[in-house]
Amino acid sequence: MPPEFLTALVIATLVAGDPVIKRTSAGGSSWRFQIAGVLVLTALAAGSIHLASPEGFARNQSAFARMQRVHRGALLPRLTTSQAFELLRDRDGLLVDARTHDSYESWHVKDAIRVAAGVPQFIRLDMLKTTDRSRPILIYCDSGSCSVDQLLATELLDDGFTNLYLLHRTTASINALDVLLRQRDAATRAREEP
Amino acid sequence: MTVSRIVIMLRIAIGLIFLVAAIGKLNDPAKFLSAVYGYELVGPTTGLLTAITLPALEAVIGALLVTGTWRFSASLAATTLAVLFVVAQAMAISNGVRADCGCVALFGPSALSQATLGRAVLLLSVCVSLVLLEWRAELNASSGRSAA
């Protein structure tokens with residue numbers, strides 16, 4: 001597909017560009033007109049490729065659907081610390097730690113429960129301790145290279161949970177959420193004390 | 001070697017890079033869509049629109065640069081795209097994303113890293129040089145026309 005389309009694209013470019021080249025040599029042409037030309041050519045090229053080519057998304061919608069399915073964990077909303085805090089505070093969200101058992105035992109965000117990815121469904125649901133499929137669930141993972149939050153989110157989507165969120169993946173976000181939750185608890189305790 | 005020859009060589013080299021990048025993406029649009037989603041910067045719809053338009057834009061810019069059509073505008077568009085590549089890679093790397101960089105197929109599949117970011121910055125600096133050289137050429141040409 002690409003060689004033929006690319007050839008057609010080069011020919012179209014030359015044909016479209018020819019009058020402008022003549023105009024330029026005769027007295028100049030606006031660069032704005034040329035940028036508009038680039039955009040029009042791009043739209044034409046994108047349209048022709050995806051409408052006419054068997055690999056194009058218009059004729060191969062299963063590829064698009066497959067990619068969305070593969071990446072459905074990664075496409076979930078990723079919340080900032082303040083958004084995550086509001087979700088937990090205002091919407092009775094469940095905070096889930098997707099890291100390893102050792103990491104969780106050594107330190108975890110306050111009130112987080114650990115749910116392992118890659119385990120059988122009955123174990124996962126037992127660890128989750130909720131059967132409410134619409135309850136907001138916020139999953140976090142370690143900073144940097146950790147992607148197990150997406151894996152767990154994908155598995156929970158398969159289990160029928162519909163209200164899933166991921167925490168922005170930096171150590172600062174995780175630590176800041178922990179601080180906010182501890183401050184909230186301290187404030188609650190202070191109010192309750194006589 | 002005259003400046004104009006350097007400009008022509010730069011323009012054709014960048015044009016070929018864009019064409020090769022476009023061919024790699026057009027060969028397998030689904031794989032490129034996967035790479036776009038892998039950056040975790042856009043949602044499903046924006047990701048799809050990006051995966052549809054970006055390779056076509058690269059092909060158009062590449063063809064314009066190689067054929068020497070609309071030289072200044074094409075180099076300006078190439079620079080804009082290069083800025084987008086650098087910003088997207090920097091954001092994804094700072095977010096700790098580990099994904100295929102979706103870069104030029106010539107270099108093979110490579111994970112997002114400082115090296116791929118460095119390559120994008122190098123491409124950007126070459127594009128900026130080309131824009132400046134083409135701009136100077138445009139100014140010279142227009143002053144020549146005014147004098148005539």
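Buried here means under 20% relative accessible area. The model shown in these views is predicted.

**View 1**

**View 1. Helix 8 of chain A, end to end.**
Helix 8 of chain A spans residues 171-192, 22 residues in total. At 1.5 Å a residue it should span 32 Å, and its end C-alpha atoms lie 32 Å apart, so expectation and model agree.

**View 2. The open sheet of chain A.**
Five strands form an open sheet in chain A, in the order 1-5-4-2-3 and with parallel pairing. Strand 1 (78-79) and strand 3 (113-114) stand at the edges; each has a single partner strand, so one side of each is left without a neighbour in the sheet. Helix 7 (residues 148-158) of chain A packs on the sheet and touches strand 1, strand 2, strand 4 and strand 5 of chain A. The direction of helix 7 makes about 175 degrees with that of strand 5 of chain A.

**View 3. Bridges between the strands of chain A.**
Strands of a sheet pair through backbone hydrogen bonds, either parallel or antiparallel. L79(A) has L167(A) of strand 5 as its bridge partner. Three bridges join strand 4 of chain A to strand 5 of chain A, again parallel. I139(A) is partnered there with L166(A) of strand 5. Strand 2 and strand 3 of chain A also run parallel, with two bridges between them. D97(A) has R114(A) of strand 3 as its bridge partner.

**View 4. Strand 5 of chain A is covered on both faces.**
In a regular strand the side chains alternate between the two faces of the sheet. L164(A) and L166(A) lie on one side of strand 5 of chain A, Y165(A) and L167(A) on the other. All four are buried.

**View 5. The helices of chain B.**
Chain B has five helices and zero strands. From the N terminus, its elements run α-α-α-α-α. Of its 148 residues, 47% count as buried. Among contacts in chain B with a separation of 6 or more, 66% link residues 24 or more positions apart. Chain B exposes about 6,800 Å², with carbon and sulfur atoms supplying 69% of it.

**View 6. S73(B) meets chain A.**
S73(B) sits in helix 4 (residues 71-94) of chain B. Its relative accessibility is 0%, so S73(B) counts as buried. Leaving aside residues up to four places away in sequence, S73(B) touches W31(A), Q34(A) and I35(A).

**View 7. T79(B) and its contacts within chain B.**
T79(B) also belongs to helix 4 of chain B. Its relative accessibility is 12%, so T79(B) counts as buried. Beyond residues up to four places away in sequence, T79(B) touches L124(B), C127(B), V128(B) and V131(B). T79(B) and L124(B) are 45 residues apart along the chain, yet their C-alpha atoms are separated by 6.1 Å.

Definitions and conventions: Residues numbered from 1 in each chain as written. Chains lettered and ligands numbered in written order. Predicted model: local features only at pLDDT ≥ 70, side-chain atom pairs only at ≥ 80, totals over all residues. Heavy atoms only, no water. Buried < 20%, exposed > 50% of the residue type's maximum accessible area, 1.4 Å probe, protein only. Contact = heavy atoms within 4.5 Å. Areas by Shrake-Rupley, 256 points an atom, 1.4 Å probe, with all protein chains shown as cover. Expected span 1.5 Å × (residues − 1). Pairing = 2+ DSSP bridges. Axes fitted to C-alpha atoms, helices over the stretch in contact; angles between N-to-C directions.
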